[in-house]
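Here's a quick tour of how this fold is put together. Have a look at the model first, then read on.

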Amino acid sequence: MTGLPLSDIVSVTVTLDPTSSSTRNFGALLILGDSTILTQDQGCVLYSSLDEMTTAGFTTSAPEYKAAALFFGQSPQPSTLYVARIDTTATPKVADRVAALAAASGDWYGVALAMATMPSNADVLALAQVVEALSPSRSFWTTTEEAGALQSDSTTDLAAMLNAANLSRTWCQYSSTTPYASVSAFARVATVDYSGQNTTLTLKFKTEPGVTSETLTSAQYKVLAGKKCNAFALLNNGESIIQEGYMSDGTWADTRIGVDAFQNSLQTAGFNLLYGSTKIPQTDAGMTTLKATYDNVAQAYVTNGLFAPGVWTGPTIGALKTGDTVPDGYYIYKPAVASQSASDRAARKAVTMQIAAKLAGAVHSSNVLVNVVQ
């Protein structure tokens, strides 16, 4: 059809919004092994099932396959597993290899070792210390079969060494029969959907399919607890559960991962706002827009159960003082733009906002007092 263009009468311009950045997957695990199925040049290879690993050439006796079986054997089942190789003849230090893999890929959050020849305790400690300092944040999941973990006077077993190093991003688990038991623990927390309602969890009381539970004495359990070493333990009612659910410094694992996820959600939401806007002005109104974005993120973490209303025991932040109730589970302090330094304004920085968040925590035990009279 010919004729004069409609744009002379009605001019329409369509602009597509830029694609927003997505948050990280905090359920993605990297298994580092020494099988020759992969080469170091391949980096992190993604597998979504055991069948894919079999097709790739991993046998059921391969350490990586055995660890993957525990990962995919959890319920609910996680789905994102990476496997990478360390050539021990070329790269003898696992810390160096993991640091290189972290620099090359941000797609994984947890890392575990599954090797025919496991590194020394000193090398594992060095790896844990590297993971502690990685950015973006990661976590390390390791298992010890050493009898020394159960001995109070042992200071050279892996659990004792990791605890002494005060590591908040390393999970250590004792297992006398299952060398990759910690992978099952990670797989359980890997399925948390932080965008859902009441989805966060504590690892205590959870099960580890495929892992043989430990029959511990009370004395042995106390030794493990003192070293902040976890175990999948048999109770006298016949049930087996994860005890206790902490990282090597005593930080609860669900708190460590949940706070990492919250940090990433704030970063992603802030970036997406700046990226998708023509501009956010350096005015009080502009800061209110930015604060509203962070409000939405914090509210989501109240909804998922990480934060909850409670009494603030931290330092004074804005109008929130020590001892005050935090009715929303969090409080965001936004200072006035007029309080900004000239150098920060010239650098086009937003005012520094502070978020006070109250953890919901989790109940791990209960006391009941009973009085019976005639």
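Eight strands make an open sheet with mixed pairing, running β2-β3-β1-β4-β5-β6-β7-β8; strands are DSSP E runs of at least two residues and helices are H or I runs of at least four, numbered from the N terminus, and two strands pair if DSSP finds at least two bridges between them. β2 (45-47) and β8 (240-243) sit at the edges with a single partner strand each, so one side of each has no neighbour in the sheet. On average, neighbouring strands are turned by 25 degrees against each other, direction ignored.

This is a predicted model: local features need pLDDT of at least 70 and side-chain atom pairs 80 or more, while totals for chains, interfaces and linings use all residues. Residues are numbered from 1 along each chain as its sequence is written, and side-chain values use heavy atoms, leaving out hydrogens and water.

Inside the sheet, β1 (29-33) and β3 (81-85) pair in parallel over five bridges, with Ile31 opposite Val83 of β3.

| Helix | Strands touched | Angle |
|---|---|---|
| α3 (residues 94-104) | β1, β3, β4 (110-113) | about 140 degrees with β1 |
| α6 (residues 181-189) | β1, β4, β5 (139-144), β6, β8 | about 145 degrees with β5 |

Then there's α7 (218-226), where Val223, Leu224 and Ala225 are buried (under 20% relative accessible area, 1.4 Å probe, protein chains only). The buried residues of α7 pack against β6 (170-174) and β7 (230-234). Just after α7, Lys228 takes a positive phi of about 55 degrees.

Conventions. Buried < 20%, exposed > 50% of the residue type's maximum accessible area, 1.4 Å probe, protein only. Contact = heavy atoms within 4.5 Å. Axes fitted to C-alpha atoms, helices over the stretch in contact; angles between N-to-C directions.
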